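The following exercises are to be worked with the sequence and the model at hand. Each task is followed by a solution in steps.

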Amino acid sequence: MDPLLRVREANKNGLISDKLYSLIMDRFDVAVEGINRIEKASGIHFPLAYVEPAIVISRPNPGSFDYGILFARTIPVLANDKLEIVIQITAPLVAYGLKGTIHAILAHEFLHYLELVRKISTMELLSDEVTGNLFENVYSDST
C-alpha cells in the first residue's frame, strides 16, 4: 500500500496545491522516521498507515476554544473479509507538525492499535462502552 496515494490523487485532481503537495512529500520522511522508531522500541510491526489529504477540525475539550488539526486516528476496517487496523495521518500533521509532535501522535495511535488488537484477541469488545464524547461513541459503535 502506498501511504501517499491519496495525497498524489488529491494533487492530481487539483484538491491540494503543488506547494502543499511538495511540503507533504518532503516531510513524510519525518513520519516514516517516527514509525521506524516505534517499531524499533517496541519490536512490533507498525500497522498500515496512510496520509489523508484533508483537514479534520477537532475541539478536544468542551468549553475550550482550542481547535486541533494536527492529529491521526486508528481505524478498524474490513477489507476482503479480513479485519485490518489502519492509522490515518492527516496531511496538516505531516506538513506542519513538529518532529516531536508527529512522533508522539504516531506513538499514541500505536497504543490505540495495541489496545484494539488486545480487545479483539481476548474478545473484550463491548457495544455499550461508556465514552467521553460523540466521536468516541461513533468510533466505539463501529468497532
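**Exercise 1: Overall architecture**

From the N terminus on, the elements of the protein follow the order α-α-β-β-β-α-α-α. The model is a predicted one.

Task: Determine how many helices and strands the protein has, and what percentage of its residues count as buried.

Solution. Step 1: The protein has five helices and three strands. Step 2: Of its 143 residues, 31% count as buried. Step 3: The accessible surface comes to about 9300 Å², and carbon and sulfur atoms hold 58% of that area.

**Exercise 2: Ile-16**

Task: State where Ile-16 is found, and explain why Ile-16 counts as buried.

Solution. Step 1: Ile-16 lies in the loop between helix H1 (5-12) and helix H2 (18-42). Step 2: Buried means under 20% relative accessible area. Step 3: Ile-16 counts as buried because its relative accessibility is 11%. Step 4: Leaving out residues up to four places away in sequence, Ile-16 touches Val-7, Ala-10, Asn-11, Tyr-21 and Ile-24. Step 5: Pro-53 is 37 residues from Ile-16 along the chain, and 7.7 Å separates their C-alpha atoms.

**Exercise 3: Glu-109**

Task: Identify which side chain of opposite charge is nearest to Glu-109, and which side chain makes a polar contact with that of Glu-109.

Solution. Step 1: Glu-109 is placed in helix H4 (residues 99-121). Step 2: The nearest side chain of opposite charge is that of Arg-73, 8.2 Å away. Step 3: A salt bridge requires the charged groups to be within 4 Å; Glu-109, although buried, has no salt bridge. Step 4: The side chains of Glu-109 and Thr-74 make a polar contact at 2.6 Å. Step 5: Apart from neighbours within four places in sequence, Glu-109 is in contact with Ala-72, Arg-73, Thr-74 and Ile-87.

Note on methods
Residues are numbered from 1 along each chain as its sequence is written. This is a predicted model: local features need pLDDT of at least 70, side-chain atom pairs count only at pLDDT 80 or more; totals for chains, interfaces and linings use all residues. Side-chain values use heavy atoms; hydrogens and water are left out. Helices (H or I, at least four residues) and strands (E, at least two) are DSSP runs, numbered from the N terminus. Buried means under 20% relative accessible area, exposed over 50%, partly exposed in between (1.4 Å probe, protein chains only). Lys and Arg count as positive and Asp and Glu as negative; His and the chain ends are not counted. A polar contact is a pair of N or O atoms within 3.5 Å; within protein, one must be able to donate a hydrogen and the other to accept it, and residues adjacent in sequence count only if both atoms are side-chain atoms. Contact means heavy atoms within 4.5 Å. Accessible areas come from the Shrake-Rupley method with a 1.4 Å probe; for residues, only the protein chains shown count as cover.
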